[in-house]
Amino acid sequence: MAARAPDEGTDEAPAARDRDPEGRARNARPRDGLGRPLPYGTPGVARQPEGVERSPREALTEAQDLLDRGLPFHAHEVLEDAWKMSPEPERQLWRGLAQLAVGLTHAARGNTKGGAALLLRGAGAIAPYADTVPYDIDVPGLADWARDLADRLDGPVAAAGNAPRLCTAKGPQAAD
């Protein structure tokens, strides 16, 4: 028996899907600070716009600010843009940084298994960059942070209280 379409046999029109200007499906529901969808009409945290071109310095500064404010899901969005727009030699670095942020997101939501997996995956992705120190990213420190947090996850963690420092004390350097 074939599944019936949602509006088949009813007088109801199908629900309109949220779309971006290019027609791609987007979920416009408000979200909380950890990126979880909230009911329509509920005040949420402003989402990071997608597809924003930022210099590496701008991406790191913005992501660090979001992490410090306990918004790792939003930091992940910034780092994901950097990953998608970065040159091939840096792509795994930015992907790994995005995975660390989403790993912290899952850890803060209480998803210990998923959080640990993403933290370890992110640590592995950035590890090959440890000797090059691109943009003063603290690759060894971030990898240690991720492994430590993954090892001690046993319930939800405070996102801001467990946020890593992305860069060494000097901060991101202009290499862009």
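**Notes on the model**

1. Leucine 120 is found in helix α4; helices (DSSP runs of H or I, at least four residues) are numbered from the N terminus, as are strands (E, at least two). Leucine 120 is partly exposed, with a relative accessible area of 44%. On this scale buried means under 20% relative accessible area, exposed over 50%, and partly exposed in between, with a 1.4 Å probe and protein chains only. Leaving aside its neighbours within four places in sequence, leucine 120 is in contact with Arg147 and Ala150, contact meaning heavy atoms within 4.5 Å. The C-alpha atoms of leucine 120 and tryptophan 145 are separated by 9.9 Å, and these residues stand 25 residues apart along the chain.

2. A word on the basis of these values is in order. The model is predicted: local features need pLDDT of at least 70 and side-chain atom pairs count only at pLDDT 80 or more, while totals for chains, interfaces and linings use all residues. Residues are numbered from 1 along each chain as its sequence is written, and side-chain values use heavy atoms, with hydrogens and water left out.

3. Helix α4 (residues 112-126) also holds glycine 124. With a relative accessible area of 45%, glycine 124 is partly exposed. Its C-alpha atom is separated by 7.5 Å from that of glycine 96, a residue 28 residues apart from glycine 124 along the chain.

4. As to the overall fold, the chain has 5 helices and 0 strands, and its elements run α-α-α-α-α from the N terminus on. The chain has 176 residues, of which 44% count as buried. Among contacts between residues at least 6 apart in sequence, 60% join residues at least 24 apart. The chain exposes about 9800 Å², and carbon and sulfur atoms supply 51% of that area; accessible areas come from the Shrake-Rupley method with a 1.4 Å probe, and for residues only the protein chains shown count as cover.

5. How many salt bridges does the structure hold? There are 9 salt bridges, each a side-chain nitrogen of Lys or Arg within 4 Å of a carboxyl oxygen of Asp or Glu. Side chains of opposite charge can pair when their charged atoms come close. Arginine 91 forms one with glutamate 88, the closest N and O atoms being 3.4 Å apart. Arginine 91 is partly exposed at 26% relative accessible area, whereas glutamate 88 is exposed at 56%. Elsewhere, salt bridges that share partners join Arg54, Glu62 and Asp81 into one network.

6. Glutamate 62 counts as partly exposed, at 27% relative accessibility, while arginine 54 is buried, with a relative accessible area of 18%. Aspartate 81 also forms a salt bridge with arginine 54, the closest N and O atoms being 3.2 Å apart. This pair links distant parts of the chain, 27 residues apart: aspartate 81 lies in helix α2 (residues 72-85) and arginine 54 in the segment before α1 (56-68). Both aspartate 81 and arginine 54 are buried.

7. The largest pocket has a volume of about 190 Å³. Of the 15 residues that line this pocket, the closest to its centre are Arg54, Pro56, Ala82, Met85 and Ser86. The elements that give two or more residues to the lining are α1 and α2, and α2 gives the most, with 4 residues. A pocket, on a 1 Å grid over the protein atoms alone, is an open set of points where a 1.4 Å probe fits, with protein on both sides within 12 Å along at least five of seven lines; lining residues have an atom within 4 Å of a point. Grid points are joined across faces, edges and corners, and a volume is the space filled by probe spheres set on the points.

8. Valine 133 has a positive phi of about 45° although it is not a glycine; it lies in the loop between α4 and α5 (139-152) and counts as partly exposed, at 37% relative accessibility. Aspartate 136 lies in the loop between α4 and α5, and its phi is near 60°, a positive value in a residue other than glycine. Aspartate 136 is buried, with a relative accessible area of 8%.
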